[in-house]
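Q: I have a structure open here and would like to talk through how its parts pack together. Could we go step by step?

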Amino acid sequence: MNPAGLVISTGETVLFWVIAPLMVLAALGLLFVKRAVHAAMCLVFVMVSMAVLYIAQEAPFLGVVQVVVYTGAVMMLFLFVLMLVGVDASDSLTETIRGQRWIGLLIGLGLAVVLGSVVARAAFPPAVGLNGGDPGGVANPQALARVLFGDYVVAMEAVGVLLVTAAVGALVLTHRRRLTPKQNQRSVADARIKALPDGVVLTPLPSPGVYARSNAMDTPALGPDGEQVPQSVSRVLRIRGQERPAPHVPADELVHTPESERDA
Amino acid sequence: MDITNYVVLAAALFAIGATTVLLRRNAIVVFMGVELMLNATNLAFVTFARLHGDLTGQVLAFFVMVVAAAEVVVGLAIIVTIFRTRRSASVDDVNLLKG
């Protein structure tokens with residue numbers, strides 16, 4: 001152990017004074033931002049900065065775990081749920097409890113004052129440090145593993161059980177019982193055959209007269225009897241009235257086709 | 001710089017997280033406030049581990065992270081279930097438990 005105590009380098013000081021105000025700003029964004037997605041982004045920033053601070057504080061393993069678990073898994077889960085619930089599900093502005101906003105603000109400020117005064121009044125011992133830069137010292141992940149799987153191995157097992165329980169619990173909570181029979185290919189086909197007397201066509205619709213009469217999708221195909229087949233043109237074009245009547249096509253094509261390319 | 005600056009930062013983040021829980025109505029944002037508070041305590045743990053030269057603080061922070069991950073999974077599943085039945089993610093609308 002370093003007998004002179006912990007000396008905080010200038011680099012770490014600069015890092016702290018750059019990151020800490022940004023972290024507090026992003027955390028305040030959580031409080032003031034309207035959309036839940038923006039709040040999630042603010043929280044992601046806070047968590048990544050926290051990982052940087054961990055690494056600066058001789059806890060590289062926790063820094064990596066912070067990035068992987070918090071920003072990688074937890075916040076992505078938050079974003080997935082936001083997409084499920086609806087991104088624009090904003091806060092309701094009606095107050096169910098009167099004056100809740102001011103009471104909440106007061107309690108929050110009170111908590112900040114209490115915590116600040118406790119930190120200010122507490123007498124901290126001189127910092128020791130974890131022997132991070134010492135080449136003879138044990139590197140952080142190994143030493144951490146020794147404590148984790150030595151002194152706390154029972155807690156580690158319990159946490160494993162907890163994780164499995166949580167996963168099963170989430171599955172049970174979000175499971176939805178099927179109320180209608182499952183649709184498969186056979187049932188879809190049966191339903192279409194049953195609807196045949198109501199004028200449903202079983203076969204695919206005829207394709208438009210592309211290449212047969214013109215080079216555009218808006219031309220109806222001609223049936224074997226020489227009549228136009230209206231279903232061959234896209235329904236959207238028919239509703240918009242943008243379908244070209246077939247008898248006009250040859251004249252149009254003649255105008256736009258050069259002499260040399262015309263068929264005999 | 002003194003190492004207690006980290007503790008002050010952790011206290012500030014914890015207070016902001018608590019205020020978020022108290023003020024916001026969207027259940028998901030309230031949940032994010034809880035996460036912020038957990039992160040703030042983790043920062044305090046790591047700082048005290050360094051202050052005392054004892055790795056136990058880091059181990060505890062690790063356990064907090066794991067438990068927080070499990071808690072997020074179950075909490076978000078509850079929010080999704082409530083949203084499915086109520087079509088709302090506002091904490092004010094959840095008074096089903098009222099007799």
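This is a predicted model: local features need pLDDT of at least 70, side-chain atom pairs count only at pLDDT 80 or more; totals for chains, interfaces and linings use all residues.

Q: How do the axes of H2 and H3 of chain B cross?
A: The axes of helix H2 (residues 27-52) and helix H3 (residues 56-86) of chain B come within 8 Å and cross at roughly 175°. Because angles over 145 degrees count as roughly antiparallel, H2(B) is described as roughly antiparallel to H3(B).

Q: Which residues make that contact?
A: On the H2(B) side they include B:Phe31, B:Leu38, B:Phe45 and B:Ala49, while on the H3(B) side B:Leu60, B:Val64, B:Met65 and B:Ile79 are among them. By class, the residues of this contact divide into 14 nonpolar, six polar and one charged.

Q: Switching topic, how many residues does each chain bring to the contact between A and B?
A: Chain B brings 62 residues and chain A brings 69 residues. On the chain B side, helix H1 (4-23), H2 and H3 each supply at least two residues, and H3(B) gives the most, with 21 residues.

Q: And what classes make up the chain B side?
A: The side of chain B that touches chain A has 43 nonpolar, 14 polar and five charged residues.

Q: Where is B:Arg25?
A: B:Arg25 lies in the loop between H1 and H2 of chain B.

Q: Why does B:Arg25 count as partly exposed?
A: B:Arg25 has 19 other C-beta atoms within 10 Å, and a residue would need 20 or more to count as buried and 12 or fewer to count as exposed, so B:Arg25 falls in between.

Q: How far apart are B:Arg25 and B:Val74?
A: They are 49 residues apart in sequence, and their C-alpha atoms are 19 Å apart in space.

Technical notes
Residues are numbered from 1 along each chain as its sequence is written. Chains are lettered from A and ligands numbered from 1 in the order in which they are written. Axes are lines fitted to C-alpha atoms, for helices over the stretch in contact, and angles run from 0 to 180 degrees between N-to-C directions. Helices (H or I, at least four residues) and strands (E, at least two) are DSSP runs, numbered from the N terminus. Angles under 35 degrees count as roughly parallel, over 145 as roughly antiparallel, 65 to 115 as roughly perpendicular and the rest as oblique. Two residues are in contact if their C-beta atoms, placed from the backbone, lie within 7 Å. Ala, Val, Leu, Ile, Met, Phe, Trp, Tyr, Cys and Pro count as nonpolar, Asp, Glu, Lys and Arg as charged, and the others, Gly among them, as polar.
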